[in-house]
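Visitor: Please walk me through this model. Start with how its parts are counted.

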Amino acid sequence: MADSLSWNEVEDYLDAHSEQLCDYVVRKAELAVINKWLVAHGFLTVMHPSRRSSGSLTCSPCVSPSSPVERSRKPHRSLDSPFAIDDDGHRHRRTNSKKHLRHNFAKAKSRSVFRTCEPATVSVAAEARRSSFRSMRKYSSLPPSSNYILCLLIESKVRLPQYETSTIEFKKELKTADDKAFFLDIVKDIANDLDLTSLTRKTTENLSLLLNADGASLFIVENTAAGKKILVSKVFDIHSGTNIYPVTSSEDNAVEVPWGKGILGYVAETGKPVILECASEDPRYNDEVDRITGYHTDSLLCMPVFNAYNEVVAVAQVINRSCEDSGDGRFTKTDEKLFETYLQFVGIAITNAQLMDTSRAEYERNRSLLEVTHDIFEEQTSLENVILKTLQRSQRLLKCERAAVLLIEDVGKPKGNAGNGSSSTPNGSITCVQTVKFSRIFELNALAVVSVTNNGSTSGLVTGGKQLASSPHLMQLAEQVASSGDKLNIADSIEVEKGSSGNVRSLLAMPIRNSHFQIIGVAKIINKLSGQPFDENDEQLFEAFTIFCGLGINNTMMYQELEKANARQKVAIEVLSYHTAASDTDVDKLKNVQIPETVEWRLGSLTFDDFCLSGDQMAVAAVGMFKDLGLASRLRIDRETLLRWILTVKRNYRNVPYHNWRHAFNVAQVMFSLLVTCNMKETFSELECLAMFVGCLCHDLDHRGTNNAFQEKTGSALALLYGTQNTMEHHHFNHAVMILSSDSLNILRNLSSTEYSVVMNTLKQCILATDLTVYFQVRSRFVPLLTESDYDFEREEHREMLRSLMMTACDIAASTKPWDIQRRVAELVTSEFFDQGDLEKSKLKITPPALMDRDRKHELPLLQMRWIKNICLPLYEALSNVNPQMAPMRDGALQNMTHWAKLAATTHDPVSSASSNPARHNHMHHLHHRHHSLDQQPNNNNNTGGVSGEEEREAGDVVAPPHVEIYIDEAK
């Protein structure tokens, strides 16, 4: 009946009876069938119950059993079971402890990142699901540290295909059935194998089958540290005809053959094949192995293996041909030809494997260097930890017994010598060996770390061998490297062995340099684990480690210096906060003084006399303005706290001609007039009024009498700290914040966190607005709104622009005051700028701009006239359009411009005064030309008052005083 049913009918029946199908599969299906279904649908496979628990899962095996990757692969733990399987197959309950995670992390890193096969072809959807499972396992099983993320980033994405090796029985059957198919099979067998050990094993096995020999050997050509060539067999097999030297330190059972010695050495050196009917009769043959193993070698065929450049890369030999198909057991010319043909493919495979080894080694070196870089920048707080991590990496990668770093005394101090009486050469080396002193020694071996301090005491013990600090000969070698600045590579040195009591067989030492290329220490590695001396590759890699070690030491010491600087800064701030705060005596002196009404002192007038009050009176008047604005009651500030804060602000203004406490008070008085007299208080909230008034009092805190341009020219600390944009304004704001940070001076402490944030943000915006560069930007956006009647002060953006313009209007309000006040202020500003010009002449050795040059003070009236016309009038015109009550400021500025124009015309005759000086005449002609051009230039849509972009930048260098910017504008 089964023969009469088609497959489509069977499939239809199974679809219709899914329950019976499921029952059948559960009872009858083999594990291999289940795994095929899981792999096809992108899931994990089920391990055999004999190896794992029945419910455990693992990745689908895709590497041949003979692959070294498959042999080293450990079973994966179950994703569902609460138990994990260790390397021995024992079950234990999982733990999420840090120790367990670190252990898993270390195991994951130790696995090879180079795969030797491609996974089975599956659907795109299945591969996507499988990839997501892999990512999930990676990120869920390991700690999310930066080191692990780095390992994921630098993990190799190389996928190497591999042809699965056939069994020996299959190869024998294939050879009997079809010689050509057999030859193709053994070629494929080695074509994609990029591991030299596995390749050697396969090659010897295939050669024995191909030539019907009892055994075969393959020796790879390698270079020693001394530059000599040797022959190395990766797998111990039947090898004869020469002296052999087992390499006991290698993981594989490898042997070495000297170049040019014996039959193998002769073939490698000459490149000629050797065929012997009786090997024992050849004088080059050595029967040592035969005598040890009891094996007798008769016939022998030995041939070189060439690469694409006709260079010998290996030597292969087969011995004792079988007598089954050749009666006498000798190798024939046909065998020789067949041997040569196959060895051509072997040469290609060896070349590829060697390239892969070089690539893998280079990848591992690069990864190690990246990990060292990560360690250096991750750990910068402890010098010991940085050096320890670097030593651990170098010891692991260079495979040496011991590693050490010796730091020269006073390495952290900038100096021109390395010790007492020594001097440094241009390359940073030390001229006198006797003066080299090592302050600290870090030594690492397989078991412990020792640190030697300045007084010679040690902490920790090094197991096995003497400590480096106790070996005078090794210390002398370190001093030699520090003094000469050259690397030192010693191998098989009798003197070293005697000087170190036989504990040192090879040594590599290099100097460590800092960022200034000065030698700050010496790094050493001792005794390579393989017993070989350190070669050129080791030198290059160790040199890279010393560079990273120097960077790590330099960064750590810079970090330590930064910590000290921060500590000193904190102490300085504490000291300054104490000494700059108002004393109790000053507070007691004024706290009982009766505060007069603001009307009595005309504090609400736009024509207030800037020079009518003394310093203490201005402090009391500031308290009165706080009271009349309602800010004191709003903030619930007692009079003593408010007075202490105002006196502290007063105390933090320097004694400079213009940007002092009087200027700050006058700016605050104008703001008070605008808010109260001009009713601008109704436009803003209480918090905004508070920020604007406090900003006026604090807007020039700690002003040094020099502008932003001077800070940039001199590269001052302020320019380095705040940059070249709004340098002084940022400093003023931060100084205000520092004062408010003190509990006894924090007048904002009763505000909620939200209110405090609003006040501080508005305060910063108001203080930065006193920079004219900000003023020009705001004016260009605000004037069009007025022209089109498109402003709405309910919008925060428009209110912010209005606040900025009002801050500038208050800052330069001296240009609107009565003429005698205006002229007196101009003289103060001129005096301050002349002081800056003197500094530029004496310190910077440059000619100052005209506004700061005492020899050109006669130009003041003309510059002041241009200042009012281009800067002041457009501002006050715009504010008068917003609030007509501000019109007196515009009118006052117009009157003062008229006075300056008259003064410019009567104080000097530019033509006659310059007639004797052509340069002066040209300069004055230039000034008049610019003045008349501006007079004839109409206002544009942006209402910038005829100021070009260049003039805006020039005036923007000024902090905000009314008569300073005009000088900068002209001087540029």
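Guide: Helices (H or I, at least four residues) and strands (E, at least two) are DSSP runs, numbered from the N terminus. The protein chain holds 36 helices and 18 strands. This is a predicted model, in which local features need pLDDT of at least 70, side-chain atom pairs count only at pLDDT 80 or more, and totals for chains, interfaces and linings use all residues. Residues are numbered from 1 along each chain as its sequence is written, and side-chain values use heavy atoms, with hydrogens and water left out.

Visitor: What pLDDT does the protein chain average?
Guide: pLDDT is the predictor's confidence in each residue, from 0 to 100. Of the residues, 69% score at least 70. The chain average is 75.

Visitor: What share of the 972 residues is buried?
Guide: Buried means under 20% relative accessible area, exposed over 50%, partly exposed in between (1.4 Å probe, protein chains only). Applied to the protein chain, the buried share is 48%.

Visitor: Which residues have the most contacts inside the largest nonpolar core?
Guide: A nonpolar core is a set of buried Ala, Val, Leu, Ile, Met, Phe, Trp, Tyr and Cys residues joined through side-chain atoms within 4.5 Å. The largest one has 103 residues, and those with the most contacts inside it are Phe-626, Trp-645 and Met-806.

Visitor: How do α13 and α14 run, roughly parallel or roughly antiparallel?
Guide: Axes are lines fitted to C-alpha atoms, for helices over the stretch in contact, and angles run from 0 to 180 degrees between N-to-C directions. Helix α13 (residues 333-378) and α14 pack at about 170°, with axes 10 Å apart. Angles under 35 degrees count as roughly parallel, over 145 as roughly antiparallel, 65 to 115 as roughly perpendicular and the rest as oblique. So α13 is to α14 roughly antiparallel.

Visitor: Which residues of α14 meet α13?
Guide: Contact means heavy atoms within 4.5 Å. From α13 come Glu-364, Arg-365, Ser-368, Glu-371, Val-372, Asp-375 and Glu-378. In α14 they meet Lys-389, Arg-393 and Leu-397.

Visitor: Is Thr-390 buried or exposed?
Guide: Thr-390 lies in α14, residues 383-398. Not counting residues up to four places away in sequence, Thr-390 touches Phe-545 and Cys-549. Its relative accessibility is 6%, so Thr-390 counts as buried.

Visitor: How many disulfides are there?
Guide: A disulfide is a pair of cysteine sulfur atoms within 2.5 Å. Cys-302 is buried at 0% relative accessible area, and Cys-278 is partly exposed at 26%. By the distance rule, the count of disulfides is 0.

Visitor: How far apart in space are Ala-582 and Leu-643, C-alpha to C-alpha?
Guide: Ala-582 is in the loop between α17 (536-580) and α18 (584-591). With 8% relative accessible area, Ala-582 is buried. Ala-582 and Leu-643 are 61 residues apart in sequence, and the distance in space is 9.1 Å.

Visitor: Where is Arg-636, and what is its phi?
Guide: Arg-636 is in the loop between α20 (631-635) and α21 (639-651). Arg-636 is exposed, at 55% relative accessible area. Although Arg-636 is not a glycine, its phi is positive, about 55°.
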